Amino acid sequence: MAERSTAAVDVADNGGDEPLAAQAAKATSDGVDTQNGRAADGPMPDKDGERMKAAPAAAPELHSGHKLARRYRLEECVTRVDGFSSWRAMDEKLRRAVGVHLMPADHARARSVLAAARSSALLGDPRFVQVLDAVEENDLVYVVHEWLPDATELTAVLAAGPLEPHEAYQLVSQISQAMAAAHREGLAHLRLTPSAILRTSSGQYRIRGLAVNAALRGITSETPQRADTEAIGALLYAALTQRWPYESDAYGLTGLPKGVGLIAPDQVRAGVHRGLGELAMRALANDGATASRQEPACTSPEELAKAVAAMPRIRPPEPAFTAPPEYQHTTYQQGSYGRPTPPGSPTTQIRPVPPPPPLQSRTGRALKWGVAALLIAALGLGSWQLADTLLERSSRKGNSGTNNTKTGTEDNPKQSEPGKPLQIQGASVLGGSVKPLLAPKTIDGETDSAWITPEYYNYPDFGRLETENKGSGIIVDLGELKNVTGLDIDMYVAGQTVEVLAAAADAGSPGTVAAFPHRLTELKTTDKKLQATFDTPVRTRFVLIHITELPPSGGGYRGGISEIKVLGP
């Protein structure tokens, strides 16, 4: 089934037989993929409908020092080609460096560039260089994006030599997972070249130009997932061999010999990791050709990411350790310091005297006995405290019911009747920033639909982005004050850290965690089913299912809620 990329609109289809990655490689560096250096000027050649005809509008004649929106001061023109220009600029409001793409508002691709930039900005994935602004103003269209001064292009990294297997594994793993997330949101790159990949000082890889680079050049594809997957395969091939997997030279890399076609990486360079080499071939040969060792070809970044995850983990190289020099006794330590050797006397080499065994003196033995006594005392004290704690817990369990809540995860399965589902008037997202349009799916009576969070990276607590409410969740509005006797909640996945809170009886429209003072369930990790009954009904109108931490999902963290039922008498 043909796929249509949203990276560019109103552009001609790519009807050529040559892969997009190879076609992009034949173009000179254009500034769109250049951050820390000046690219060559001049238009790129048109290839088989890959791009639109050159637009009649010329690149805006601006100069260093010009300000956009009284905020972005242009400092250095990186390139001026094909009707648009790219600049390094300074955001005077936030005092940080940014990148800016400029073109006339009447440029044939101005509308598609704005649409691509706005779509890319909505993704909000930190693995991509973020689009900060997309504006049409005073006959100009400009796109503002992040500038990473401490990052290095993959082009410069590969100029120093091929990557180690662990580093190449990190490259393909991070890039494939990031592009899989982008394609799930309907976004493609289509110019995924070594100059579009940045390695930060912390070793993370970030992708720039998602959708925007293709829109600037008018590149489109009927099969964007195949195109981006092949491009990732080309990046891995180049990382393993320091060669570009096509006949033409590109990005400072030598191409393959002409007339031999695509050959396996281990035939180009000795010592290539076998698993990574086969993975590169499966990504490059994804148009129906037989990949290496009869493995199925990877036709999408999602399939490639799963293939990478299925590989045995490649450990980083052991750090080099230089042994200290052997201890040498000096003549002073041997007692011959200052004594001249009589002439003619034979020179004898004195063997070094080994140091005495440690802790063999009277003080050493006393120290050993003292440490042993302290250890025995600490062990006895710890055992006594442990026994005291266990006895205290046992006495607490002997006391009759002091808890108003009985959840479905307690040891005692016997519960009181929870009641019947109450009518729910509406549902909203706590804080209103995490997928608010999906909130009604939690009360539609269907467990197949759900409110699902985005995939967060590095931190399970919503990427440390929802700090005001210590997480997020769903607020259920019962329409009026009602007696709540139980809960029956289907979570999207197991392993989420959840608590259920109730607002005060006089609450009007609570929007923060602080507005829910009554705790209905304890904060703990839950299964896919969260059930609870209350001995004493709780009178409230608003109930909050509060999620503070998300479980692992793929390369990040994701959670959500499928269905909420609030029970009453």
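This is a predicted model: local features need pLDDT of at least 70, side-chain atom pairs count only at pLDDT 80 or more; totals for chains, interfaces and linings use all residues.

User: Which residues of α2 are buried?
Analyst: They are Ala110, Ser112, Val113, Leu114, Ala116, Ala117, Ser120 and Leu123. Buried means under 20% relative accessible area with a 1.4 Å probe, protein chains only.

User: And what do they pack against?
Analyst: The buried residues of α2 pack against β4 (96-104), β5 (131-137), β6 (140-146), α4 (165-184) and α5 (212-217). Contact means heavy atoms within 4.5 Å. Helices (H or I, at least four residues) and strands (E, at least two) are DSSP runs, numbered from the N terminus.

User: What comes just after α2?
Analyst: Gly124, with a positive phi of about 65°.

User: Switching to the largest nonpolar core. Which residues touch the most other members?
Analyst: Ile175, Met179, Leu192 and Ile197, out of 65 residues. Helix α6 (residues 224-241) gives the largest share of this core, nine residues. Such a core is a set of buried Ala, Val, Leu, Ile, Met, Phe, Trp, Tyr and Cys residues joined through side-chain atoms within 4.5 Å.

User: Last one: what lies nearest the centre of the largest cavity?
Analyst: His101, Val129, His145, Arg208 and Gly209, among 12 lining residues. On a 1 Å grid over the protein atoms alone, a cavity is a set of points where a 1.4 Å probe fits but cannot get out, and lining residues have an atom within 4 Å of a point. β6 and α5 each supply at least two residues of that lining.

Note on methods: Residues are numbered from 1 along each chain as its sequence is written. Side-chain values use heavy atoms; hydrogens and water are left out. Buried means under 20% relative accessible area, exposed over 50%, partly exposed in between (1.4 Å probe, protein chains only). On a 1 Å grid over the protein atoms alone, a cavity is a set of points where a 1.4 Å probe fits but cannot get out, and a pocket is an open set with protein on both sides within 12 Å along at least five of seven lines; lining residues have an atom within 4 Å of a point.
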